[in-house]
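Q: I would like to learn how to read a few features in a model. Can we go through them one at a time?

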Amino acid sequence: MDIESNPDLYNTCSFTGYRPIKLPFLADKDSAEYKRLYSALREEIINLTEKGVHYYQTGMAQGIDLMCAEIVIELQLRYDIELFAAVPCLNQTEGWRPEDKETYDRIIRSCTGITNITRENYSAGCMAKRNRFLVDTAQYILAVYDGKKGGTMSTISYAKKKKRTVIVINPIDFTRTELIHDNDQGVLYV
């Protein structure tokens, strides 16, 4: 899907980033690192909203996806923005801690819409399919990434190919990089 065929992409941002296994402080909402990252992501979402982004999409994974969804829900008290969920499989929360399942359920109830990427239980490739959907349906990708291989790296690479604007927050030093794709002009680093 491209911008020309769906102008709502200009108003949409999807989230991608690590789970607690790659970023252990995500499991501790009281840690200084968690609070600092939450604040940095909140600031980015406010900036995007004030630039005209109205729709936000989460892949509903533990870690960054849920954190960003919680930020959007918080900001809905102040801004007219909407949250959508892209659920990769029917049993996504299997094996999760009860408190994470509660957060997931609360976020799902707060969403304007839910897209079930597959209508089956977990299978190889369902997460990658969900990640491609998140990129295909948004102009902006807000990523938490520090170079580790995996789904976040693949999602950012796919977003570059699709010429999306990618805002990367490094969770180690909290630096910000923006990759702006200007058609065939290449990538500008801001």
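Q: Leaving aside its neighbours within four places in sequence, which residues is leucine 41 in contact with?
A: This is a predicted model, so local features need pLDDT of at least 70, side-chain atom pairs count only at pLDDT 80 or more, and totals for chains, interfaces and linings use all residues. Residues are numbered from 1 along each chain as its sequence is written, and side-chain values use heavy atoms, with hydrogens and water left out. Contact means heavy atoms within 4.5 Å. Beyond those neighbours, leucine 41 touches Met67, Cys68, Ile71, Leu142, Val144 and Ile169.

Q: Which residues touch the most other members of the largest nonpolar core?
A: In soluble globular proteins, nonpolar side chains tend to be buried together. A nonpolar core is a set of buried Ala, Val, Leu, Ile, Met, Phe, Trp, Tyr and Cys residues joined through side-chain atoms within 4.5 Å. Buried means under 20% relative accessible area, exposed over 50%, partly exposed in between (1.4 Å probe, protein chains only). Here the largest core has 52 residues, and Leu37, Leu41 and Tyr56 touch the most other members. H2 gives the most to this core, with nine residues.

Q: How many residues of H2 are buried?
A: Helices (H or I, at least four residues) and strands (E, at least two) are DSSP runs, numbered from the N terminus. Eleven of the twelve residues in H2 are buried. Among them are Asp65 and Glu70.

Q: What span should helix H2 have?
A: The expected span is 1.5 Å times one less than the number of residues. For H2 (residues 64-75), that gives 16 Å, and the end C-alpha atoms are 16 Å apart, which agrees.

Q: At what angle do H2 and H3 pack?
A: Axes are lines fitted to C-alpha atoms, for helices over the stretch in contact, and angles run from 0 to 180 degrees between N-to-C directions. H2 and H3 pack at about 45°, with their axes 10 Å apart. That makes H2 oblique to H3. Angles under 35 degrees count as roughly parallel, over 145 as roughly antiparallel, 65 to 115 as roughly perpendicular and the rest as oblique. The contact is made by Leu66, Ala69, Glu70 and Ile73 of H2 and Thr103, Arg106, Ile107 and Ser110 of H3.

Q: Is phenylalanine 174 buried or exposed?
A: Phenylalanine 174 is buried, with a relative accessible area of 16%. This residue lies in the loop between E6 and strand E7 (176-181).
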